[in-house]
Amino acid sequence: MIKEKILEVIKNSKPQTKEDLAKVFNIKKRDRENFYFLLENLQRQGLVFEDKKAKLIFVDNKTYFFGKIQTSKKGFGFLITENLDEDIYISEENLNFALNGDDVIVKKYKDSSGSKPEGKVVFIVERVNQKVVGIFQATKNFGFVVADDAKFATDIYIPKKRMNGAKNGQKVLVKIDKWPSPGKKPEGRVLEILGYPDEPHVDILSVAKSLDIPMEFSKTVKREAKSLETSVQAEEIKSRLDLRDKLTFTIDGADSKDFDDAVSLEILENGNYLLGVHIADVAHYVKEDSPIDEEAFLRGNSVYLLNKVIPMLPFELSNGICSLNEGVDRLTLSCIMEVDKKGQVINKKICESVINSKKRLVYDYVSDYLEDGVSDDSLIGLEETLKNMYELSKILQEKRREMGSIDFEVPEALIKVTEDGWPTEILRRERRSANKLIEDFMLLANTTVAEYFFKFEIPFLYRIHEKPREEKIQELNSYLRPLGYMANFGSEIKSRDIQKLLKKVQGKKEELFISTMALRAMAKARYSPKNDIHFGLCFQYYTHFTSPIRRYADLTVHRIIKDFLRGDLSKNKVKKLNDDLQGISEHISATERVAQEAERQVESIKMAEYMSDRIGKKYNGIISGITNFGIFVELENLIEGLVSYKTMKGFYEFDPVNYRAVDVDTKNSFGIGDLVTIKVVNVNLTLGKIDFELESDDNEKEEG
């Protein structure tokens with residue numbers, strides 16, 4: 001390929017300009033524009049870069065490295081790169097005006113024994129922070145914005161004519177027009193005024209805007225959504241499997257508004273289970289390349305920010321015709337599986353169908369019945385089916401355990417807020433029997449669909465989770481050894497190794513820390529057109545099939561399934577899928593990461609808001625982390641705060657060998673899981689950070 005040939009020439013010859021390379025490859029003048037575009041694309045991928053003389057240099061991952069800049073509020077930064085085991089330190093004067101998040105090329109120039117490698121930014125590949133959220137501060141003749149992100153280590157100058165009516169102290173969204181240069185800060189203009197920081201929902205709006213998450217649908221999308229039918233038409237049912245007389249129902253949270261999965265279960269004469277997983281047929285209504293489809297692809301997924309949902313699809317679809325509401329006909333794709341008593345799927349049918357959900361059940365009521373026999377009125381007539389479902393659920397869980405599937409029982413917070421978004425209560429979210437039951441059935445459907453279509457050797461979209469990198473496991477073991485554990489003893493990490501580790505620490509004071517560190521050591525799951533293992537679940541085949549209302553991946557999978565079932569996978573469609581699926585998988589993997597980051601930030605901010613009403617109060621907690629600057633303490637309700645060594649009596653340092661905080665004089669020490677009492681001393685509502693101090697008295701403590 002021309003790309004490989006170009007890289008080979010750049011790698012093995014003296015630096016040359018684009019024009020020189022065009023001559024080397026005998027590119028005619030009329031074709032040079034396309035040739036130069038190809039060279040620019042190589043630069044965007046971080047494979048080559050231009051030096052000060054406009055000559056192209058090969059990024060060899062020995063001297064030159066491509067990666068992302070992460071700066072600190074003190075001015076210095078690090079290059080985060082997958083091509084080096086450790087980050088490269090970059091002093092403020094060597095950042096070359098790169099800002100936090102920018103994609104850059106760094107020249108590594110110092111790597112002395114015992115110290116971090118150092119380097120200098122030599123080329124900025126892409127400016128990532130085109131838009132920034134921050135606090136506007138006005139002066140007489142101009143303004144400037146202090147970014148919410150503490151890593152964005154410079155103010156943004158705003159000329160008077162570009163203030164757009166912003167007032168002192170307001171949160172604003174800024175577009176950067178000019179990047180920093182010698183003696184000058186970045187310059188921008190106010191695009192949008194979000195409101196004052198203490199106004200309702202401004203905190204969530206700030207997070208969404210900072211991550212460039214679309215908040216509103218365009219007029220074109222709204223117009224198309226309003227034109228969609230609101231009920232299932234008779235002619236749409238004729239070619240489908242009619243399951244409307246079957247006992248199907250949904251089980252979701254009490255506050256859920258959109259329902260994209262329903263389940264059914266029968267016991268066959270041979271004693272096997274006939275499990276039906278019925279998923280909303282969103283692809284029937286969202287046509288490829290339509291305005292709604294283009295917007296759904298752009299968003300990639302719905303984003304759930306507590307009481308604020310930023311949906312992938314307009315309300316008319318997500319809560320209307322695509323939602324499997326009780327008592328109405330709905331078009332579905334069904335995965336119907338005969339499952340034996342060992343949890344093996346011995347027969348399967350995947351088809352277009354129509355259902356009529358008989359009940360809208362709630363997780364808590366179903367769990368109360370399954371766990372304690374307490375029956376709610378909504379369950380009348382469903383008791384036997386629910387018992388059989390529970391039996392199958394436990395069989396499926398045991399089967400996954402035997403396979404080596406990892407179940408990270410890292411607790412999650414349940415944050416209750418007012419209509420204005422102010423947190424009123426924070427609890428541990430319960431993962432109860434009904435939640436696990438639906439999760440088990442969805443996992444089974446996802447694996448069944450993935451295996452079924454893999455064997456037909458057609459283009460498909462898989463959910464993969466690769467093995468963790470060796471250095472990540474080494475790092476995990478460095479945390480585990482001082483606590484008396486190891487992740488693995490063999491040459492290759494296996495899912496079962498992590499499973500055994502988590503079982504060993506179950507119920508012990510270091511359980512939360514080890515579970516969290518093990519989870520961080522894992523690779524991130526992602527989408528791919530090429531099938532690979534799912535390390536965490538220990539599946540050979542896996543996809544996302546069960547949530548097309550909120551994930552574009554599932555919508556893509558549904559389209560492929562429908563084309564296959566109808567015999568519409570023509571050569572042209574197969575070629576288009578082969579061309580498109582890599583780009584789709586990369587995009588939706590990226591939007592998923594953005595959604596996760598938004599959810600993480602909002603949770604941190606809400607926890608800080610909750611504790612802002614509790615400054616001075618005392619709580620019991622456990623030490624959840626130890627660093628070279630302090631210890632982290634987690635309360636019963638999962639709120640975590642930092643106790644800085646500066647606030648502690650004595651002179652404490654981090655002992656990495658024994659993983660403890662140790663007073664160098666008295667040798668008093670703190671370790672992971674130790675019980676302590678803290679006082680809340682400060683919060684940062686913008687960053688979502690909480691500061692604690694250790695308490696040594698025996699006063700009555702708050703429970704969290």
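R614 lies over the face of Y610, 3.6 Å from the ring centre. A charge is taken to sit over a ring if NZ of Lys or CZ of Arg is within 6 Å of the ring centre and within 35 degrees of the ring normal. The model is predicted, so local features need pLDDT of at least 70 and side-chain atom pairs count only at pLDDT 80 or more, while totals for chains, interfaces and linings use all residues. Residues are numbered from 1 along each chain as its sequence is written, and side-chain values use heavy atoms, with hydrogens and water left out.

**Aromatic pairs**

A pair of aromatic rings is described by the distance of the centres and the angle of the planes. Rings of Phe, Tyr and Trp (its six-membered ring) pair if their centres lie within 6.5 Å; planes under 30 degrees apart count as stacked, over 60 as edge-to-face and the rest as tilted. A search of the whole structure finds 24 aromatic pairs. One of them joins F142 and Y157, and this pair is tilted because the ring centres are 5.5 Å apart with the planes at 45°. F142 belongs to strand 9 (residues 142-147) and Y157 to strand 10 (residues 156-159), so the pair ties together parts that are 15 residues apart in sequence. Helices (H or I, at least four residues) and strands (E, at least two) are DSSP runs, numbered from the N terminus.

F654 and Y659 form an edge-to-face pair, with 5.2 Å from centre to centre and 90° between the planes. In the accessibility terms used here, buried means under 20% relative accessible area, exposed over 50%, and partly exposed in between (1.4 Å probe, protein chains only). The table lists the accessibility of the residues in the two pairs.

| Residue | Relative accessible area | Class |
|---|---|---|
| F142 | 32% | partly exposed |
| Y157 | 32% | partly exposed |
| F654 | 24% | partly exposed |
| Y659 | 7% | buried |

Elsewhere, Y452, F453, F454, F456, F460, Y462, Y541 and F564 form one aromatic cluster.

Strand 20 (345-356), helix 10 (383-403) and helix 11 (433-454) are the elements that give two or more residues to the lining. Helix 11 supplies the largest share, 6 residues. By residue type, the lining divides into 8 nonpolar, 5 polar and 5 charged. Here Ala, Val, Leu, Ile, Met, Phe, Trp, Tyr, Cys and Pro count as nonpolar, Asp, Glu, Lys and Arg as charged, and the others, Gly among them, as polar.

A450 is also placed in helix 11 and is buried, with a relative accessible area of 0%. A450 and Q540 are 90 residues apart in sequence and 9.2 Å apart in space, C-alpha to C-alpha.

**Loop residues with positive phi**

Most residues other than glycine have a negative phi. E457, in the loop between helix 11 and strand 24 (462-464), has a positive phi of about 55° and is exposed at 74% relative accessible area. H201, in the loop between strand 12 (187-195) and helix 4 (202-210), has a phi near 70° and is partly exposed at 35%.

**Annotated regions**

In an unreviewed entry, UniProt places a "coiled-coil region" at residues 581-608. UniProt positions are given in the numbering used here, feature names are shortened, and annotations may be inferred rather than shown by experiment. In the model, residues 581-608 are 100% helix and 0% strand, and their end C-alpha atoms lie 41 Å apart.

The UniProt annotation "domain: S1 motif", also from an unreviewed entry, covers residues 616-695. This span is 0% helix and 60% strand, with its end C-alpha atoms 11 Å apart. F629 lies in the loop between strand 26 (618-626) and strand 27 (630-635), and F629 is partly exposed at 44% relative accessible area. F629 and P548 are 81 residues apart in sequence and 44 Å apart in space, C-alpha to C-alpha.
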